[in-house]
Amino acid sequence: MQNRKYTLGVDYGTDSVRTMIIDTSNGKIMGQAVALYERWGKGMYCQPETNQFRQHPLDYIDGLKKAVKEAIAPLSQEVIDGIAAISVATTGSTPIAINQEGTPLSMLPGFEENPNAMFILWKDHTAVGEAKEINALAHHENGIDYTKYSGGEYSSEWFWAKILHTLRVDKTVRQAAFSWIEHCDWIPALLTRNTDPLKLKRSRCAAGHKAMWHPEWDGLPPDAFWTELDPLLTGLRDRLYTDTYTSDHAVGTISAEWAELLGLPEDVIIGTGSIDAHIGAIGSAIKPYHMVKVIGTSTCDMIVAPTEEIGKKAIRGICGQVDGSIIPNMIGLEAGQAAFGDLYAWFRELLLWPANKIIGNSNLMEAETKAKLMEEMADGILNELTLAASKIEIDTSGIIALDWMNGRRTPDSNQNLKGAIQGLTLGTTAPHIFRALVEATAFGSKKIVEQFQAEGVRIDGIIAIGGVAQKSEFVMQILADVLNFPIRIIKSEQTCALGAAMAAAVASGIYKTFLEAQNAMGSGFQKEYLPIPENVKKYMELYEQYGTLGDFIETQELQKV
């Protein structure tokens, strides 16, 4: 490895996989590529009306091959031979059922088209009922609260809830599943061909934040807890894992088969996988008490703090605290919103529905023209909404919206909650509603900041990454005004892939610490949004109205239970 100085970061997002080859000496991007998931792009295996979102493992495999080959295509053989390591980041919690050899069931005969045998995407909320049961048992006064380091509330987005729901609804999967694996653990296992469920290395990040793993109870909650919850889970703990590994550890060396498939050297080190947002925080130069906001379809908000300062204090209302989940030897704290950019996408689709129906059925133009027109509308509608909404004055007596269209992740996870819009009149326009939705996502972010502060975790600064942070000045200025914090935007457009490349540099020994890797490979900041004092004052009043509406909607939901 002495002559190697390049690493490859792989970032599996919701819609695509992104690869980036970095010169570890200076952070220069040598090659990069993006590959869309073919089956996911067609909407296969998903039922949005029931909150079912599944992805086929072949999308991940095909995407990896394509993105790596495209990234290395323009490189010299000298650079390719100089690639020392690969680290992977993925969405999470995104688990899948596997057999005793570690093969996902959907890659076996008879399961190829079964959604329950596929990866259950992070935003799949089919397990709301199971999450409720987990919380009820964990919060029983006579037992240990295994959710206390998960913010005190287990989410339907997470590992155990999804497993239990699948076992209950699909007998064929139940009978064939030996164990389960997170997406971020499966890809490194696949690349090294070390897929034995009982031997492969599991991510501390995913285990701690999504599966309630904690040293206080020697790993995962005990079998007795799961058996009491549902006998279908009896014995599963023993077929999962006890030990976990931080992202500075290697899981092994790339297999000869995968080296040939990807066109890489046969001794490339494979690092431990991580959840994308957490590795993105590394790529964003996270430091103690600075919040990194990954803003895309949803958000993930992360803080790291010295272990000795947090100790065993359980931070309530967030998505978990895990020693070493982001930076080794520091407590990683996570929160987030279940929908951010997804909220804007929902409104876009809502507005496009009649146009798609009418234009699609029209006989006034040929099919090619109709397709181009609908594509143009889809591509341009958010830009037009943004332009018009930016000209609307902040109205303290106007529309208030809630950002709970996909439930609430933080504070206090509750996937049963629904969104709302209040204050509509016959004079309300689409840009008015769009502005209210943007303000709602900012208000949801403020709730998270206040939750951390209320729990005694200070916030010294805010860094933003992700598609929305990079592309929308309108959204980011409103966010800065609502939070009353300056927000710095990372220069890199692929911060999660960059963070993965940094992790690979540490896992392979090129650098000893993440701080060294960050200093050498970091992209720096491209812009800073400063709060506008007069806007801050107006948004304080609107924020109070947001809270009042939220309290009302949550009370109505509780009355249904």
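Modeller: Contact means that heavy atoms lie within 4.5 Å. Please bear in mind that this is a predicted model.

Colleague: With which residues is His-290 in contact, leaving aside its neighbours within four places in sequence?

Modeller: They are Met-302, Ile-303, Asp-460, Gly-461 and Arg-488. His-290 itself lies in strand 12, which covers residues 290–295.

Colleague: Is His-290 buried or exposed?

Modeller: A residue counts as buried under 20% relative accessible area. His-290 has a relative accessible area of 12%, so it is buried.

Colleague: How many residues of strand 5 are buried?

Modeller: Eight of the eight residues of strand 5 (residues 83–90) are buried, so this strand is largely enclosed by the rest of the structure.

Colleague: Which strand pairs with strand 5 over six bridges?

Modeller: Strand 1 does so, in the parallel sense; there, Tyr-6 stands opposite Ile-83 of strand 5. Strand 5 is also joined by two bridges to strand 10 (residues 269–271), running parallel, with Ala-85 and Ile-269 as bridge partners. Two bridges likewise link strand 5 in parallel to strand 11 (residues 274–275), where Ser-274 is the partner of Ala-89.

Colleague: How should I read a helix?

Modeller: An α-helix has 3.6 residues a turn, so residues three or four places apart point the same way. In helix 19 (residues 514–521), the buried residues are Phe-514, Ala-517, Gln-518, Ala-520 and Met-521.

Colleague: Against which elements do the buried residues of helix 19 pack?

Modeller: They pack against strand 1 (6–12), strand 2 (16–23), helix 11 (276–283) and helix 18 (495–507).

Technical notes
Residues numbered from 1 in each chain as written. Predicted model: local features only at pLDDT ≥ 70, side-chain atom pairs only at ≥ 80, totals over all residues. Heavy atoms only, no water. Buried < 20%, exposed > 50% of the residue type's maximum accessible area, 1.4 Å probe, protein only. Helix = DSSP H or I, 4+ residues; strand = E, 2+ residues; numbered from the N terminus. Pairing = 2+ DSSP bridges.
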